[in-house]
Amino acid sequence: MDIEEEIRSLQLDSSEDNNGVVNPEAAKLEQIEESDKMDVVKEISAPEDIEGPEDAEGDKKRHLNVVFIGHVDAGKSTTGGQILFLSGQVDDRTIQKYEKEAKDKSRESWYMAYIMDTNEEERVKGKTVEVGRAHFETETTRFTILDAPGHKSYVPNMISGASQADIGVLVISARKGEFETGYERGGQTREHVQLAKTLGVSKLLVVVNKMDDPTVNWSKERYDEIESKMIPFLRSSGYNVKKDVHFLPLSGLVGLNMKTRVDKSLCSWWNGPCLFEALDAIEVPFRDPKGPFRMPIIDKFKDMGTVVMGKVESGSVREGDSLLVMPNKAQVKVFAVYCDENKVKLAGPGENVRVRLSGIEEEDIISGFVLSSIAKPIPAVYEFVAQLQILELLDNAIFTAGYKAVLHIHSIVEECEIIELLQQIDPKTKKPMKKKVLFVKNGAVVVCRIQVNNLICIEKFSDFPQLGRFTLRTEGKTVAMGKVTDLNSASST
Ligand code: GTP
Ligand code: MG
C-alpha cells in the first residue's frame, strides 16, 4: 500500500482534532541543532496601531496565529508583506526604498518580500531564513503572521513557526513548473503540510498564488488542476478537506484578491472570498481557558527578571500566579504577562506570550522546559511509549531497537533512542499483530519504547494532543511521526 494511504488509515487523531504526518527530505542534522540555539523569530512590525489583546474582560477581538508555509519561492513573504502594505502598516516611501534596494541586488520582484525578509542574508539570497513575525487585523480578528522559510535547509525554523500557529496559509505557486516542483516527493509543499498537521495546525487556507504570472493569467484550468491535485494529498495528510481546508486564487505581488475580491473583468470565474474575508471566517476549535496551565518555553532572556516566551497550550496565566518551571520543579511567580508588545492581565490558550518571572535565573531554563500549573504539573520522563508511523528511513534502513533519531515534540529538540519495539499494528485492522516484532521497514506502524538522556516534559496524546504528538528526524530528514500513548511512571515525577 502507498505510504500516504497507510497514514490516512492510521487515524492518529481524534476526528475533530489533528492528525499528522510527515515526509522526508529536509535540513542537515547540524542545522537542527543550530536552530535550537539561535533566535529563529524576527519581529517585523511593532503593533502600535493594533488593538490590544483580549484582556480580563474578554471583550476585544479574537486573536489567531497564522503561519505561512509552502515551498521555497512560493510567495509567502511577498504575500505577508503585501498584507502589511494593504493594512496600512508600510507606506509608499518605504516600498519605493525597497524597490530600489531590490533592484540594486538584481532582485527587482522581491521588494514586497523585503517587508518580511529583514535580514541582509535573506535579502541577498531572496530566501527567508528566520520566521518573520508581524501583526495585522481584520473586522473580527487580530492576526499574528508567522512567515516561515520554505527552503529545505530551514525546516527546523519552519517547525518552530508552525508550532506557534493555530491556522496555516499554504502558499502554492501556480507558475508553470513551480507548482510541480513543490508538489513532488521531497518538495516542501508536501513536507510542510504534513509537519503542520503534526504540529497542530488545525485549519489550512490554500492560496494558489502568482495568478498574475504570464504562464497563468488567472486561468481557471490551472487553478482547478492545482486544487484537484492538492485535495487527495491534503486528505491523505489527515486534513478534513470539506471542513478544515479552503482554497482561493491570489496574486501576492500585485495584491489581488487580498483585501478586496478580485475584479470580475480579470477573473470572471471566481465567486469566492478574498484572503482577508477567508481569514476572518476561519473558526478554530475551542480551547479550555480553565485547563491546567501548560506553556512550552521556546526562548528566554534577561530583562528585569527572567522573561520566557512561548505559546499557552492549556489554561491561562495572569499576573501574580505561582507556577512551576518543569522539569526542574522551580517554583516561580508571574510578574507580568505580555501579548505581542502589550502588557495584559490575563492570557488564555492559543496566545503567544512573554512572561516575566521571579524565582528563577535565566540560565536555569532551557527551551523545551514547560511553565506549568503547581496543582497539576506536567509529567517529566526519561522514557515513554509511542505509536509511530514510519515514513521513509534513510537508505531504506530497518527500524529496530537501538535506532537513534532527533525527537521534535512541542519546543523540545532532543536526541532519542528506540529501546524496544513492542507491537506492530496491522494497518488494515488497526489492531496489534500477534507475532513478536524485532524490526520494521518503511510504512510500518509500530508501538515502541523511546528513551532520552535528559528529562523531558510531555503529555499523553489523548490528554493534550499538542504536547503529545511528535516527529523523529534523522540527518535532517523526517523519518517518522508519532503520538505518545504512555508515560513511564517509574521515571515520571
Ligand atoms: P522563501 O522564503 O525562500 O521560502 O520564499 P517565499 O515563499 O517567501 O517567496 P518570496 O515571497 O520571497 O517570493 C519569491 C519570488 O516569487 C519573488 O521573485 C516574488 O516576486 C515572486 N512572487 C511572489 N508572489 C508573486 C505573485 O503573486 N506573482 C508573481 N508574478 N510573482 C510573485
Ligand atoms: Mg520568504
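R356 is buried, with a relative accessible area of 9%. Buried here means under 20% relative accessible area, exposed means over 50%, and partly exposed is what falls in between, using a 1.4 Å probe and protein chains only.

Before I go on, a word on the model. This is a predicted model, so local features need pLDDT of at least 70 and side-chain atom pairs count only at pLDDT 80 or more, while totals for chains, interfaces and linings use all residues. Residues are numbered from 1 along each chain as its sequence is written, chains are lettered from A and ligands numbered from 1 in the order in which they are written, and side-chain values use heavy atoms, with hydrogens and water left out.

Back to R356. R356 sits in strand β15, residues 352–358. Strands are DSSP runs of E with at least two residues, helices are runs of H or I with at least four, and both are numbered from the N terminus. What does the side chain of R356 reach at 2.9 Å? The backbone oxygen of D303. Leaving out residues up to four places away in sequence, R356 touches several others, among them M304, K333, F335 and Y338; contact means heavy atoms within 4.5 Å.

Compare D463, in the loop between β22 (445–457) and α12 (465–468). At 47% relative accessibility, D463 is partly exposed.

Next, ligand 1. How many residues surround ligand 1? There are 22, and the closest are K76, T78, S109, T128 and D212. To be counted, a residue needs a heavy atom within 4 Å of the ligand. By class, the shell has six nonpolar, 10 polar and six charged residues. Ala, Val, Leu, Ile, Met, Phe, Trp, Tyr, Cys and Pro count as nonpolar, Asp, Glu, Lys and Arg as charged, and the others, including Gly, as polar. Helix α3, residues 76–86, gives the largest share of the shell, with three residues.

An N or O atom in the side chain of T78 is 2.5 Å from an oxygen atom of ligand 1. For N209, also through a side-chain N or O atom, the distance to a ligand oxygen is 3.0 Å. The protein buries 97% of the 650 Å² that ligand 1 exposes when taken alone; these areas come from the Shrake-Rupley method with a 1.4 Å probe.

Last, the magnesium ion, ligand 2. Which atoms coordinate the magnesium ion? OG of S77 and OG1 of T128, at 2.0 Å. Donors are N, O and S atoms within 2.8 Å of the metal, or 3.2 Å for Na, K and Ca; water is not among the atoms, so sites may look incomplete. S77 and T128 are both buried.

How values were computed: Polar contact = N/O pair within 3.5 Å; in protein donor to acceptor, adjacent residues only side chain to side chain.
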